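Here is a short briefing for a first look at this structure. Topics follow in groups.

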Amino acid sequence: MKFSLRKKTVLLISLLMIVLCAVGTLANSRFISAMISDHYADDSRAIADTVAAVIDAGQVKRLRDQIVGIYKVSDPKVRSDKWGSPEFEDYLSGYAKIEDQPDFIKLRDWLRVFQENSDIDSLYLIWIDPAEKNAVYLCDAANENACPPGCIDEIYPFNYAVLEDPEQGFMPYETDTQEYGWLVTAAAPIHYNGEVIAYATADVSMESIDEIERYYEKINMWIHIGLTVVMGIIGILIVNAWVGIIGILIVNAWVINPINKLSEVASTYKGISDELGGLERNDFAMLDIHTGDEIEKLAESMKKMERDLNDQIETLFATRQELSSTREHADIMNEMANRDALTGIRNKRGYDTEIQRVNKEIMAGHTDVGIVMVDMNDLKQINDTYGHEKGDKVLCSLCDILCSIFKRSPVFRVGGDEFIVVVENQDFRNLDKNVEQFKACIERDRSEEDLEPWERTSAAIGSAIYDPDKDCGIEDTLKRADEQMYANKRAMKHDFQ
């Protein structure tokens, strides 16, 4: 089939405009998707980390032990892909009484409050069975269609790393399923006495943002299609320029100039970027085109598209501000996660952060640092004999003694009855004096007959300073302080006997 020069020109221009339209639409789509995915991945992990840090790990452990006990004797173990089947219902019947347990009710209500305040889609606790590669649900905060305790999901292959390294949890990943929709999911480990006992898992829905993205892409597509039509008209008019000078002048005044104005304005729309800063664009609105034909109608359509695009840009940047607010909330919760709920001093998580700082200082040549290790005596006996309330009071009393003696050093509660002090500056120079002052306070309390037995604070202490000839890092200093503390504990038991 033969084509005239006119037809070939029109086809070439049309093809180029279609390609440009497709490339522009794809670039904008990928920019928006990447921006949203990164924000939601960060937020899902931050929320999971915060929940894992502040949740009551003791309640989680008790609930986990009950559910895992039932799980291990269940035969067969039926996964949730058999949901609704008789064998699945028969399997779940073994967990029927779990939802009536106080620990389950308290954890579920706490998770629901956190879920509502954090504006996430779903929040739940799971336990990982590495042998079967199963994720077993412990507690789901959902008000409807919640996964019951004991429900089993198979771990995705890309999450198998958690089987080798439980501390890793689930790094943020996206799924799009018929049952749950488009989600980004992350899981963080929950610790109890230094052991990973379960995982806090957060699902953040991306459906609402997906709707905004699709609507914007639709508007953007129509802009590119409009430009394709416009440029095609230009090509046709140029091919027919042989009609004469008068025709060219008319075309230039009525068609080419208005089209050039539209094209010039359209060329500035390269997609949404941070440079826009959420500000409105009114380039098309400022055009004054009155040709009384299809070009004027096209200009009016462009103006309407510009207004719609402004609305979508405003919505998108409002969403980013909301995500930023969520991140600030997560930062506050993260700071709370570094504090021990009972004593108010920093906890094991805060201690780990401090140790990283100290090791960097040591590598930089600042080696005037020491470690004090303190372990309370007979906490279990006090809890068993007089109750946990009395045990909590004596822990707080021991914490007050430490903080009053080591006034210029951070004190950390790193276990149920263990405390660590990182001593520097004046406390470092007075380390031996402060340790003896602490022993004197403990000895005074132990011998005070007017105090109740549970009020007689008793604790062993050990200390060591960083020695570059002996220690590769502050962790080695801690080991030597720990050995001194246990030597002190043995001496105290011998003296008491």
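Cysteine 403 counts as partly exposed, at 30% relative accessibility. Partly exposed lies between buried, under 20% relative accessible area, and exposed, over 50% (1.4 Å probe, protein chains only). This is a predicted model: local features need pLDDT of at least 70, side-chain atom pairs count only at pLDDT 80 or more, and totals for chains, interfaces and linings use all residues. Residues are numbered from 1 along each chain as its sequence is written, and side-chain values use heavy atoms, leaving out hydrogens and water.

**Cysteines**
- The whole structure holds zero disulfides, counted as pairs of cysteine sulfur atoms within 2.5 Å.
- Cysteine 403 is in no disulfide; its nearest cysteine sulfur, that of cysteine 399, is 4.0 Å away.
- Cysteine 441 is buried, with a relative accessible area of 13%.

**Aspartate 427**
- Aspartate 427 sits in helix 12, residues 425-429. Helices (H or I, at least four residues) and strands (E, at least two) are DSSP runs, numbered from the N terminus.
- Aspartate 427 is buried but has no salt bridge, meaning a side-chain nitrogen of Lys or Arg within 4 Å of a carboxyl oxygen of Asp or Glu.
- The nearest side chain of opposite charge is arginine 408, 4.7 Å away. Lys and Arg count as positive and Asp and Glu as negative; His and the chain ends are not counted.

**Strands**
- Strand 10 (residues 459-465) is mostly covered, with six of its seven residues buried.
- Strand 7 (residues 370-376) pairs with strand 10 in the antiparallel sense over seven bridges; pairing takes at least two DSSP bridges.
- Glycine 370 stands opposite isoleucine 465 in strand 10.
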